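Let's learn to read a structure by asking simple things of it. Have a look first, then we'll talk.

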Amino acid sequence: MSNYLKIAMLQTGLTTAGDALKASVTTDVSGGANGTFTGLTVADGDLTIADSAGVAKSLSQPCTLRIVVATGTITSGAGEATATIAGEGFAVGDTITIAAASIGTPTGDAVITIVADDLQSATVPATRYIPVEDILYVVPLSTTTIRLWMKNGATAAGTGSNSLITFSNPAISIDALAGSASDSIISAIQAENSVPTASFGGIKPITVVMT
Amino acid sequence: MASLIKVPYGAVGAMPGSNPAYLAVNVEGVYSVVIDGTDGIRLYYDQYDATTPADYLNVILNFTGATSVTADDVTAFANMVAEASQATNSVPEFELIGDDGTANFHLTQLTPLTLTAGAPV
């Protein structure tokens, strides 16, 4: 049997640290309106993703960006480029082209070229392990967070040991995320001579915090 | 190996492909099972509350329907606790006796299980 839940962490998503992508803006804008432009996605036609050879690529999970144009540019002053949802499937050298029409209609599109520090892999370990025998149950919190209650040290006040698992990309529903996590715990407990990797319905965590 | 029981959870067909979702509850150390109101099952664990040693841990399974749980369900769950402790390679699935296929007989979506504590029974 397995005593651990193996968790593959998000590696190829964008870092969601505030303004972290500004340093990777390789084509800035000019001549457009200032403003804060949120919810920029591929699906809405705001973004185009290409690999280092310039070939259009699809992501396994979609990302969302927030761009702030200040004093006419992204890279100066209060300008900002932030991933608000990490997505998954990026590699160093990929480009994100942000359509001019989505960010105040400057004279041309903006381009971000991904470097290693822009990826989750720069700060997030590839794998985490959680002891599974002591897990009491899964607490659904949202489409991006679950909590694993541990039996030892548990208190009715809710201050016992637990692991808080956070995702950037949302699951299709709260039920689906908690149900997937619960299924993974069952698989891990039943696995003999192996440590199966947990599944969370196609999304990967960015943090696992024991509290 | 921990003893688990899986219980139908959330909306009908909540998982990808419209498959049902389940939550597993670890029942190792459960020594008593009682009805909690008319929509809950309370499990008493043989482990004391970490901050109030006079009290012992309880977990309440909260079902969606207001009158979904009966005394017979409690008996069935207690029997399944014993069964789960013997099942080394399987996790039994608990279903309320009145389950009509609706979410009323599933654990609630947002607070399916409540961790609490009380005097031992």
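**Reading contacts, chains and domains**

Q: Which residues does Ile35(B) touch, leaving out those up to four places away in sequence?

A: Two residues are in contact if their C-beta atoms, placed from the backbone, lie within 7 Å. Here, Ile35(B) touches Ile41(B), Val69(B), Ala71(B) and Val74(B), not counting residues up to four places away in sequence. Keep in mind that this is a predicted model: local features need pLDDT of at least 70, side-chain atom pairs count only at pLDDT 80 or more, and totals for chains, interfaces and linings use all residues. Residues are numbered from 1 along each chain as its sequence is written, with chains lettered from A and ligands numbered from 1 in the order in which they are written.

Q: Is Ile35(B) buried or partly exposed?

A: Buried takes 20 or more other C-beta atoms within 10 Å of a residue's own, exposed 12 or fewer, and partly exposed is in between. Ile35(B) has 17, so this residue is partly exposed.

Q: Where is Ile35(B) found in chain B?

A: Strands are DSSP runs (E, at least two residues), numbered from the N terminus. Ile35(B) sits in strand 3 of chain B, residues 30–36.

Q: How many residues of chain B are in contact with chain A?

A: 32 residues of chain B, meeting 29 residues of chain A. Strand 2 of chain B gives the largest share of that side, six residues.

Q: How is chain A divided?

A: Domain bounds come from an automatic or database domain assignment. Chain A has domain 1 (4–10 + 124–210) and domain 2 (22–122), and their C-alpha centres lie 31 Å apart.

Technical notes:
Helices (H or I, at least four residues) and strands (E, at least two) are DSSP runs, numbered from the N terminus.
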